Amino acid sequence: MPTTVKAYAATSATEPLTPTTIELRDVGPHDVRIDTRYVGICHSDIHTARGEWGATNYPVVLGHEIAGIVAEVGSEVTGFRVGDRVGVGCLVDSCRKCPYCRRGDEQFCAEGYVETYSGTGRDGRPTQGGYAEAIVVTEDFVLRIPDGIALDVAAPLLCAGITVYSPLRHWEAGPGTRVAVVGLGGLGHMAVQLASAMGAEVTVLSQSLEKQEDGLRLGAAHYAATSDPDTFSRLAASFDLVLNTVSASIDLDAYLSLLAVDGTMVTVGIPEQPLSLDAFSLLMRRVSYAGSNIGGIRETQEVLDFCSEHGIAALIETIGADQINEAYERVVASDVRYRFVIDTATLA
Ligand code: NAP
Ligand code: ZN
Ligand code: ZN
């Protein structure tokens with residue numbers, strides 16, 4: 001018997017999200033059914049709902065920052081039991097055989113990983129995300145939420161947390177490195193906390209000084225407004241790593257000018273339109289321009305454990321399902337401090 005659950009879905013690029021029901025797949029031998037408790041609103045949900053990245057499979061239930069409780073396990077499941085506190089992020093399956101999957105980088109799966117929503121599951125059905133009462137996921141893609149973190153503030157670690165943790169690790173943020181975090185939103189506020197816990201000297205580059213107090217409290221040593229033209233001359237050539245979390249187009253040459261020799265600018269923000277840059281911005285100080293895509297399952301567990309050990313969590317504003325559309329408008333207007341999290345009990 002398929003299980004039907006309440007959910008919220010986008011039905012087109014222009015209509016508000018509306019209540020709906022979805023049918024979950026049967027719990028297979030290796031599957032776990034999770035009753036959701038909280039789900040974060042990532043800016044990627046909004047880009048996808050609005051069709052800003054190209055084809056979206058409508059209707060789509062967004063949400064890939066899912067925290068909940070195991071409600072049912074398949075006959076072969078060994079890692080989870082009913083009642084466990086668990087999470088699901090942006091990936092719900094992959095080929096598991098390619099070199100990237102084997103080394104734990106499922107986000108680079110040679111066959112393409114299965115996205116939590118707006119993807120196609122290995123059963124051929126469209127995947128639906130966490131703005132729903134429950135989700136069924138194969139156990140290898142389920143994360144364990146440490147007891148030290150409450151479920152609501154843990155949910156955003158499943159995308160925002162891992163997406164900034166992975167590049168900070170890859171480009172070795174730590175003592176002696178100077179890291180600039182561009183944009184203090186969902187990803188940005190996690191990046192500031194994580195990079196400073198790793199020992200880096202962190203600067204926030206935000207559009208204004210409005211959130212300066214928060215940025216410093218989250219662990220930044222410095223804070224500057226990008227609307228102030230002096231910021232770019234004052235901070236020229238002074239960072240080893242610039243992490244761009246901005247959801248909109250920015251002037252790449254201006255930000256590349258902030259890198260010291262051999263520095264790297266990593267984009268995790270994904271604007272709707274392609275960006276261009278001047279070759280001189282790269283070659284004059286041998287800087288690199290790179291990107292990073294979420295993170296693998298092992299590393300996602302690592303960031304959850306790291307946050308628990310360091311007392312780090314997301315700063316959230318909890319909302320009911322009927323406030324999702326309003327929350328979307330506020331995220332787009334950079335009016336979020338710092339992640340909206342939907343209490344999925346309000347779907348009932
Ligand atoms: P968010 O909460 O909206 O944060 C984005 C921040 O960017 C805003 O808070 C704002 O910070 C700044 N910003 C917004 N518009 C701007 C503009 N026009 N000019 C300059 N700065 C602007 O979004 P998010 O959830 O953190 O996601 C950020 C981006 O990362 C999105 O594009 C999302 O799709 C992408 N993403 C990528 C991955 C990946 O794997 N690479 C994973 C998750 C999300 P200030 O107010 O401080 O300026
Ligand atoms: Zn996301
Ligand atoms: Zn693979």
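One term before the first stop: a residue is called buried under 20% relative accessible area, exposed over 50% and partly exposed in between, using a 1.4 Å probe and protein chains only. The model is a predicted one, where local features need pLDDT of at least 70 and side-chain atom pairs count only at pLDDT 80 or more, while totals for chains, interfaces and linings use all residues. Residues are numbered from 1 along each chain as its sequence is written, chains are lettered from A and ligands numbered from 1 in the order in which they are written, and side-chain values use heavy atoms, with hydrogens and water left out.

**Stop 1**

Helices (H or I, at least four residues) and strands (E, at least two) are DSSP runs, numbered from the N terminus.

Is His-64 buried or exposed? With 8% relative accessibility, His-64 counts as buried. Cys-159 is buried too, at a relative accessible area of 4%.

**Stop 2: helix H4**

Now select residues 160-170, helix H4. Nine of the 11 residues of H4 are buried, among them Ile-162, Val-164, Tyr-165 and Leu-168. Show the surroundings as well: the buried residues of H4 pack against S10, H5, S13, S14, helix H10 (297-310) and strand S17 (339-343), where contact means heavy atoms within 4.5 Å. Just after H4, look at Glu-172, which takes a positive phi of about 60°.

**Stop 3: the sheet**

Next, colour the open sheet of six strands, ordered S12-S11-S10-S13-S14-S15 with parallel pairing. Two strands pair if DSSP finds at least two bridges between them. At the edges are strand S12 (222-225) and strand S15 (288-291), each pairing on one side only. From one strand to the next, the twist averages 20°. Helix H4 packs on this sheet, touching strand S10 (178-182), S13 and S14, and its direction makes about 160° with that of S13. Axes are lines fitted to C-alpha atoms, for helices over the stretch in contact, and angles run from 0 to 180 degrees between N-to-C directions.

Zoom in on S13 (residues 239-244) and S14 (residues 259-267): five bridges join these parallel strands. Val-242 stands opposite Met-265 in S14.

**Stop 4: the cores and the domains**

Select Ile-41, Tyr-131, Leu-194 and Ile-324, the residues with the most contacts inside the largest nonpolar core, which has 96 residues. A nonpolar core is a set of buried Ala, Val, Leu, Ile, Met, Phe, Trp, Tyr and Cys residues joined through side-chain atoms within 4.5 Å. Helix H5 (residues 186-197) gives the largest share of this core, six residues. At least three core residues come from each of domain 1 (3-159 + 295-346) and domain 2 (161-291), with bounds from an automatic or database domain assignment. A second, separate core of 18 residues includes Ala-180, Leu-205, Leu-252 and Met-265.

Colour by domain: the centres of domain 1 and domain 2, taken over C-alpha atoms, are 26 Å apart. Their contact takes 24 residues from domain 1 and 25 residues from domain 2.

**Stop 5: backbone details**

Finish with the backbone. A cis peptide bond with omega about -10° joins Tyr-58 and Pro-59, and Pro-59 lies in the loop between H1 and S4. The bond from Arg-337 to Tyr-338 is also cis, with omega near -5°. In the loop between H11 and S17, select Ser-334: its phi is positive, about 55°, although it is not a glycine.
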